[in-house]
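Please look over the model below with these remarks in hand. They cover helix packing, the nonpolar core and backbone angles.

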Amino acid sequence: MVAEYGSVELPAASEDLWWPVVLIRFVTCVTALADGYELSIIGVAIVSMVEDLGLQNWQVSLIVSAVAVGGLVGAFGAGHLADAVGRLWTLVLVNGLLLLASVFLAFSRDFWWILWARLVLGLAVGGGLATVSVYLAEVSPKHARGFAVSTEEVFINVGLVMGFLTGWLLFGRSWQGFTDWQLMFLVGAIFPFVVVVVLLTGIVPESPRYYMITDREEDARRVLLMVCSREETEEALEQMRSAPMVVLQWSEVIASGDSKRRQMLVAAVVVTCCAALAGVMVVTAYGITMLSNVMSKRDAVSTFVFLSVAKLIATLIGCLLFTSMFQRRHLLLGSHSGMSLALAMFVFFYVQGNGVGCAVALGLFYIAFALGAGPLLFLYSPEVLDNAMRSKGSTLAFGLNRGLIMLQLLLFPFIAIQVAISICAACCACSVPVIYGIAPETKDVALEATASLFVEEKKEVVAA
């Protein structure tokens, strides 16, 4: 156990330990599941909230987008905290906030209190998603990093399925004075509660890269031996010793004087922002509302249960097979091309009032996202950034992702559906050449060797 995190000592180095890996997977997967649940449950809850509270368009816009607003702040804050106090204490904080916000939402009926609770929820979701991806990348063996980090996307989708399924089961029901939407939020408090309890036992290992940053090489060695072979452990330690194990300030991350680091950051930001512009969160948050225009509300909720299951299955295929079999760039390019075509299909069927066609198009959109852009959303940034800027750089990229999602969710209620989805389709199409030109291949590259992917920019010398 980490000294600054709890009272349990780290065990002696051993290559036969299995429980640290189980604990790491459990904590990160349940955190991702909790975040996924909160992202999807609002899509069902908002339908009931509009009827129960008489919400207007501007209020719906603020409630739905509040999580993205909070996520923008939470992602930046988590990057600083993860470097200052460690990855695990940051996970304790974000799950604690998630627990409190979920309980508060379940007992609120005033618009402004709901809005504040949703903002806090966003802080937790943004911080949690950003921290989990960095933590998983830093505690995973090189050969398994793609699968390990992409499991975050798998369990986000498990949470999405549970959110839509819970919403479907509770839709139109009440219990002990709680309306259906209040019960939906109350269920969401269960997952972060479990994570907080496990983390506070003090038996989950901290990131070895964080230990090296804080000059604790022996602790880093012991954690690496829990999850890697002895040979890979020594190789990683040697690379970390030779690499600059420093933590950059925000000003150094945003305006780095190192041309390679600037290119790293641009690549990370481009991949995460292109994923946001695709509109997957718009579909998740407003998809039921969109389908309600071409079918009944109950059928729309049921359809999204099936769509979320299809997305989960596709995500499993993407994480278990595709991230190991194919190059990162190929997955990104194919995914964005597929999403563009699927959204164009949706617009075509929506204008015709064809509910089945709209559902099929959204299913294809989800599948295209899940096979490439989804798993790589959390995997690519930690892979392409070096140790000095991985935490803050990843959270900066993810924070910008949340910012774009915030704008989409805010504006969507005021734009014609076919126009909004057409814009997302165009963004997907434009992402293909941008990613092709900017994002290098990171598959099977050691975290300490990311600088080798970029070429040093030559400074022009002006003759006197």
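The numbered points below concern a predicted model.

1. Helix α15 (residues 328–352) packs against helix α16 (residues 355–384) at an angle of about 155°, and their axes lie 8 Å apart. Angles over 145 degrees count as roughly antiparallel, and α15 and α16 are therefore roughly antiparallel to each other. The crossing of α15 past α16 is left-handed. In the contact of α15 with α16, 21 residues are nonpolar, 5 are polar and 2 are charged.

2. The largest nonpolar core has 144 residues. Those that touch the most other members are Ile-46, Met-49, Leu-291, Phe-304 and Phe-346. Helix α1 (residues 19–53) supplies the largest share of this core, 16 residues.

3. Which residues does Phe-304 touch, not counting residues up to four places away in sequence? They are Phe-164, Val-283, Gly-287, Ile-288, Leu-291, Leu-362 and Tyr-366. Leu-291, like Phe-304, is one of the core residues that touch the most other members.

4. Most residues other than glycine have a negative phi. Asp-215 is not a glycine, yet its phi is positive, about 60°. Asp-215 sits in the loop between α8 (208–213) and α9 (217–227). Its relative accessibility is 69%; exposed means over 50%, so Asp-215 counts as exposed.

5. Asp-444 also has a positive phi, near 65°, in a residue other than glycine. The place of Asp-444 is in the segment after α18 (417–438). The backbone at Asp-215 and at Asp-444 may be worth a look in the display.

Terms used: Residues are numbered from 1 along each chain as its sequence is written. This is a predicted model: local features need pLDDT of at least 70, side-chain atom pairs count only at pLDDT 80 or more; totals for chains, interfaces and linings use all residues. Side-chain values use heavy atoms; hydrogens and water are left out. Axes are lines fitted to C-alpha atoms, for helices over the stretch in contact, and angles run from 0 to 180 degrees between N-to-C directions. Helices (H or I, at least four residues) and strands (E, at least two) are DSSP runs, numbered from the N terminus. Angles under 35 degrees count as roughly parallel, over 145 as roughly antiparallel, 65 to 115 as roughly perpendicular and the rest as oblique. A crossing is left-handed if the near helix is turned anticlockwise from the far one by less than a right angle, and right-handed if clockwise. Ala, Val, Leu, Ile, Met, Phe, Trp, Tyr, Cys and Pro count as nonpolar, Asp, Glu, Lys and Arg as charged, and the others, Gly among them, as polar. Buried means under 20% relative accessible area, exposed over 50%, partly exposed in between (1.4 Å probe, protein chains only). A nonpolar core is a set of buried Ala, Val, Leu, Ile, Met, Phe, Trp, Tyr and Cys residues joined through side-chain atoms within 4.5 Å. Contact means heavy atoms within 4.5 Å.
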